[in-house]
Amino acid sequence: LTALGKQTNKEMTLSLAVPARHEDMLAYQVSETVKGLDEQVDWWAMMTYDFLNRRDSITKHHAGATVIKDSIEMYGDKFGIDRSKLLMGFPMYSWVY
């Protein structure tokens, strides 16, 4: 991206869309992986929606404030990502069962 930015005279950024549901964070449990990615990534777009999905057997929030807060703490504290690089997605829909 640095080379492309120099060629086009534009600043380039890189973001990742990453899961916020703890059960889906398996790839980010290895600190070396996260550290290597964090050095290259400008923004971590946490998919802080769809916490409720077809794998669940009980009804709960699909984007509740508590689980979003837990996910921010997981990426920031456990994985060591600077919280200023974390973005949150907000659902503009609902689920009906």
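Q: Which element of the protein chain has the lowest mean pLDDT, and which the highest?
A: This is a predicted model, and its protein chain averages a pLDDT of 81, with 87% of the residues scoring at least 70. Where pLDDT is low, the predicted coordinates should not be read in detail. Among the elements of the chain, the lowest mean, 82, belongs to helix H2 (residues 31-40), and the highest, 90, to E2.

Q: Which geometry, stacked, edge-to-face or tilted, does the aromatic pair of Trp-44 and Tyr-75 have?
A: The structure holds two aromatic pairs. In the pair of Trp-44 and Tyr-75, the centres lie 6.4 Å apart and the planes make an angle of 45°. Because planes under 30 degrees apart count as stacked and those over 60 as edge-to-face, the geometry of this pair is tilted.

Q: How many residues apart are Trp-44 and Tyr-75?
A: Trp-44 belongs to strand E2 (residues 43-47), while Tyr-75 belongs to helix H3 (residues 65-78). The pair therefore links distant parts of the chain, and the separation is 31 residues.

Q: Is Tyr-75 buried or exposed?
A: Buried means under 20% relative accessible area. Since the relative accessible area of Tyr-75 is 0%, this residue is buried.

Q: Which residues form the aromatic cluster?
A: Tyr-75 also pairs with Phe-79, edge-to-face, at 5.2 Å centre to centre and 80° between the planes. Phe-79 is buried, with a relative accessible area of 9%, and Trp-44 counts as buried at 0%. The one aromatic cluster is formed by Trp-44, Tyr-75 and Phe-79.

Methods
Residues numbered from 1 in each chain as written. Predicted model: local features only at pLDDT ≥ 70, side-chain atom pairs only at ≥ 80, totals over all residues. Heavy atoms only, no water. Phe/Tyr/Trp six-rings, centres within 6.5 Å; stacked < 30°, edge-to-face > 60°. Helix = DSSP H or I, 4+ residues; strand = E, 2+ residues; numbered from the N terminus. Buried < 20%, exposed > 50% of the residue type's maximum accessible area, 1.4 Å probe, protein only. pLDDT = per-residue confidence, 0-100.
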